[in-house]
Amino acid sequence: MKPFLQNRHKIAVFRALQLGDMMCVIPAIRALRKAYPNAEITLLGLPWAQSFVKRFSHYFNRFIHFPGCDGLPEQSYNEYSLRSFIKQMKKENFDLVLQMQGNGTIVNPLMFLFDAKNVAGFYNDESYVASDLFLEYPNYGSEIERHLALMNHLGISLAGTELEFPLTEKDYGDYAKLLLPIMEQQYVIVHPGSRGTWRQWPPKFFAALADYCIEQGFTVVITATEDEKLITQELIKCMRHAPIDLTGKTSLGAVAVLIQNAFMLIANCTGVSHIASALKTPSIIISMDGEPERWAPLNKQLHYVIDWTKKPHFDKVYLEMVKLINELKIAIVEQKLLSV
């Protein structure tokens, strides 16, 4: 690492975003923790991320809620809360603050109000920072690799690109309470929701894929939040066969256990797609945001990602799913033969 970054005992990571965004920086955080095994690392994030810090307690020590600021759409805010937050940050006396929110256009000026000994992160033409600790934001490659580039720029040795999603006893307990009539590897999860309607693939297309899976002998399990109930109702209405509907009935941890034991996940490009990547569960992911190279899982053999903005053809998605199912069935047979 850079000489003047040695012996940093109190580090803050600023990333006030949602689940998928947070999971994509875990490889960078893993490298950071390896470089600073005894440091206190605090996440400055959205309210929900307190549970994220608890799940990733081997990397984070503390969580502090960032109340929002003008220009960041993830939450509403007021000036009083923001001023109180800045005052608190100054009292923290951080040795290092890492701006891992994005290119820095909105948040870089805020980072320097914390009065930390060092501030590092990304910049672009609109947020230039004259410091060796800042890297020009790379508008290319995966989100994982962009943040690893920052670690590399800071002289921090990397520790792999793999995602993680630790499962807890509570997660397994929440799953067990569902009393689902399913067997491991004998069901397919369909997750039609996503944050923002513009990122949601039409329910009728999910329904067609779900029906095919049922006709191939799989049970189909529908997962979604209670807020996404209208989407799953429309999906089920379009289906010829009956799925298991878990809309609004699962915790995040229970969904993760479901994904871990599933034959396959079919979903929009959203948080669950990154959980599937972390747990090495095969997936068909439909990218609706035009940035599949940024958000797609790195393992292209296990995860098929279709850029709907460039190829909005249902037949392509259908054929990719059929291909993946057949490849997985062959792999399972070969594995069984090798174990005999």
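Predicted model: local features only at pLDDT ≥ 70, side-chain atom pairs only at ≥ 80, totals over all residues.
Residues are numbered from 1 along each chain as its sequence is written, and side-chain values use heavy atoms, without hydrogens and water. Local features need pLDDT of at least 70, side-chain atom pairs count only at pLDDT 80 or more, and totals for chains, interfaces and linings use all residues.

**Cores**

The largest nonpolar core has 63 residues. A nonpolar core is a set of buried Ala, Val, Leu, Ile, Met, Phe, Trp, Tyr and Cys residues joined through side-chain atoms within 4.5 Å. Buried means under 20% relative accessible area, exposed over 50%, and partly exposed in between (1.4 Å probe, protein chains only). Leu32, Phe52, Phe60, Leu98 and Met151 touch the most other members. Helix α10 (residues 252–261) supplies the largest share of this core, six residues. Helices (H or I, at least four residues) and strands (E, at least two) are DSSP runs, numbered from the N terminus. Another core, of 30 residues, lies apart from the largest one and includes Leu209, Phe263, Ile286 and Leu328.

Phe52 touches Leu19, Met22, Met23, Ile26, Leu43 and Phe60, residues up to four places away in sequence not counted. Contact means heavy atoms within 4.5 Å.

**Helix pair**

Helix α2 (residues 26–35) packs against helix α6 (residues 143–153) at an angle of about 25°, with the axes 8 Å apart. α2 is therefore roughly parallel to α6; that label covers angles under 35 degrees. Axes are lines fitted to C-alpha atoms, for helices over the stretch in contact, and angles run from 0 to 180 degrees between N-to-C directions. Pro27, Ala28, Ala31 and Leu32 of α2 meet Ile144, His147, Leu148 and Met151 of α6. Seven of the contact residues are nonpolar, one is polar and none is charged.

**Two loop residues**

Thr223 sits in the loop between β8 (219–222) and α9 (229–238). Thr223 counts as buried because its relative accessibility is 0%. Beyond four places in sequence, Thr223 touches Ile189, Val190, His191, Pro192 and Leu258.

Gln185 lies in the loop between α7 (169–176) and β7 (187–191). Gln185 is partly exposed, at 34% relative accessible area. Gln185 and Gln260 are 75 residues apart in sequence, yet 9.2 Å apart in space, C-alpha to C-alpha. Contacts of Gln185 beyond four places in sequence are Phe218, Gln260, Asn261, Ala262 and Phe263.

The table gives one side-chain approach for each residue.

| Side chain | Partner | Distance |
|---|---|---|
| Thr223 | His191 side chain | 2.8 Å |

Terms used. Parallel < 35°, antiparallel > 145°, perpendicular 65-115°, else oblique. Nonpolar A, V, L, I, M, F, W, Y, C, P; charged D, E, K, R; others polar. Polar contact = N/O pair within 3.5 Å; in protein donor to acceptor, adjacent residues only side chain to side chain.
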